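Please examine the sequence and the model displayed below. The paragraphs that follow lead through selected parts of the fold.

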Amino acid sequence: MTWFANVNKIKYEGPHSTNPLAFKFYNPEEKINGQTMEEFLRFGVAYWHTFTQELVDPFGDGTAIRSWNKFDGMDKAKARVEAAFELFEKLGVKYFCFHDVDIAPEGATLQESNQNLDTIVAMIKEYMNTSDVKLLWNTANNFTNPRFVHGAASSSNADVFAYAAAKVKKQLEIGKELNGESYVFWGGREGYETLLNTDLGLEQDNLARFFQMAVDYAKEIDFGAQFLIEPKPKEPTTHQYDFDAQSTHAFLLKYGLQDYFKLNIEANHATLAGHTFEHELRYARVNGILGSVDANQGDPLIGWDTDEFPADIYATTLAMYEIIKNGGLGSGGLNFDAKVRRGSFEQDDLFYAHIAGMDAFAAGYRIANQMVEDQVFEKIIDERYASYKEGIGKDIVEGKADFKSLEQHALNLKEIKNTSGRLELIRATINQYLLTLYAQK
């Protein structure tokens, strides 16, 4: 059965194309620094937003028109698999991601849920065997069901902790079966609503115990995927323990887990934490824990996690700069954890949205790569911190200075001269790259 009859294979037609079902900037075969765009960008489709999202919001029912919704239960799950692999093929996307409940409905018992998963995983595996699509990462949804009202690994109820562990165990087994390249932990409810009834120390200790158990079981079954934690500050909890990249890193260091986990950075989560996307990427990069990216954007005028498809080339350029400087994303990728807007309810809108996101990151990639080649930021930063390359600054960096020598240096200073940060010039330079690179094409 054809689920997207109006759509053919999406091809690259260049920036002057007026075909809405064509790539303008993403040319999968074009090589940059010896790698094709397809190889470096590693785009992935989020199963949950693309195939199970009904486009509800806090004030309205779903608007999505989806042809597979004529089915129920397992029949709908099977239809979604068929539609998914058709979309992957027509988009030319080589990776996808899912939660357990995205691909198969929960049963009345955990055993029944696992049986449903086994049926759908077998079907997915057959499709993967006849295509070049791979599993970027999978995960367990330990936040939607009411049993997780007080959290999962951080729940006040030990039975819930055990149930969450059983779900993750199953997903690790599925990840191994499908050759998943990474595995993500997103603590949707791993946090607290109020400290008035929370044993914060116990909850964080239990969360660390949970992660260690996952590490141990992955070793036991020889599942070598990269483990990723996805920071998010709030929503639905008041405060989540993986607030941002820095607090998550501190958690890993405290519990000795830093060798087993990297971070899956999401743009919209950075916004909710009061950071820029590039800040979270930069922190993860300079600390060696940048593993993967949820590629989306938020609406600064709305206070919740809107998960919009990325279209801001300024933002994608700065993001791609960090990813290039990171040497790529290894076994991670750019997963479109994004949903079409509630008013974009037609099925073909799924293609328009992914094309927009892929083009935005491809454009950002090309621009950022040119800026890296030209050493734009590197020259600015080298000049600004030049005082640390000689004299007392060099002594500070090399560990030769102490308070006594610094005091002596300060006492001998006649004046202190700072240099301008030239932020406006820097922004103008970025704009010049954004505009001139494609004006030449």
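Is Tyr388 buried, partly exposed or exposed? Tyr388 is partly exposed, because its relative accessible area is 40%; buried means under 20% relative accessible area, exposed over 50%, and partly exposed in between, with a 1.4 Å probe and protein chains only. The model is a predicted one, in which local features need pLDDT of at least 70, side-chain atom pairs count only at pLDDT 80 or more, and totals for chains, interfaces and linings use all residues. Residues are numbered from 1 along each chain as its sequence is written, and side-chain values use heavy atoms, with hydrogens and water left out.

Tyr388 is found in the loop that connects helix 13 (376-384) with helix 14 (391-397). Helices (H or I, at least four residues) and strands (E, at least two) are DSSP runs, numbered from the N terminus. Together with Ile381, Tyr385, Ile396 and Val397, Tyr388 forms a nonpolar surface patch with about 470 Å² of accessible area. Such patches are made of residues with over 30% relative accessible area and no salt bridge, nonpolar side chains (Val, Leu, Ile, Met, Phe, Trp, Tyr) being joined within 5 Å and like charges within 9 Å. Accessible areas come from the Shrake-Rupley method with a 1.4 Å probe, and for residues only the protein chains shown count as cover.

Strand 5 (residues 43-46) presents a contrasting setting. In a regular strand the side chains alternate between the two faces of the sheet. Both faces of strand 5 are covered, with Phe43 and Val45 buried on one side and Gly44 and Ala46 buried on the other. Strand 5 runs parallel to strand 14 (residues 334-336), joined to it by 3 bridges, and also pairs in the parallel sense with strand 6 (residues 95-99) over 3 bridges; pairing requires that DSSP finds at least two bridges between two strands. Val45 stands opposite Phe336 in strand 14 and opposite Phe96 in strand 6.

Helix 10 (residues 277-286) also has buried residues, namely Phe277, Glu280, Leu281, Tyr283, Ala284 and Arg285. These buried residues pack against helix 8 (245-254), strand 12 (261-266), helix 9 (267-272), strand 13 (290-294), helix 11 (313-325) and helix 12 (349-373), where contact means heavy atoms within 4.5 Å. Just after helix 10, Gly288 adopts a positive phi of about 70°.

The structure holds 19 salt bridges, each a side-chain nitrogen of Lys or Arg within 4 Å of a carboxyl oxygen of Asp or Glu. One of them joins Glu86 and Lys90 (2.9 Å, N to O); both residues lie in helix 3 (residues 73-91), 4 residues apart, or about one turn of the helix. Glu86 is buried at 11% relative accessibility, and Lys90 is buried at 15%.

Lys94 forms another salt bridge with Asp132, with 2.8 Å between the closest N and O atoms. Lys94 lies in the loop between helix 3 and strand 6 and Asp132 in the loop between helix 5 (110-129) and strand 7 (134-139), so the pair ties together parts that are 38 residues apart in sequence. Lys94 counts as buried at 18% relative accessibility, whereas Asp132 is partly exposed at 46%.

Asp305 forms a salt bridge with Lys232, the closest N and O atoms being 3.2 Å apart. This pair links distant parts of the chain, 73 residues apart: Asp305 is in the loop between strand 13 and helix 11, and Lys232 in the loop between strand 10 (226-229) and strand 11 (239-240). Both residues are buried, and Lys232, Glu235 and Asp305 are linked in a network of salt bridges.
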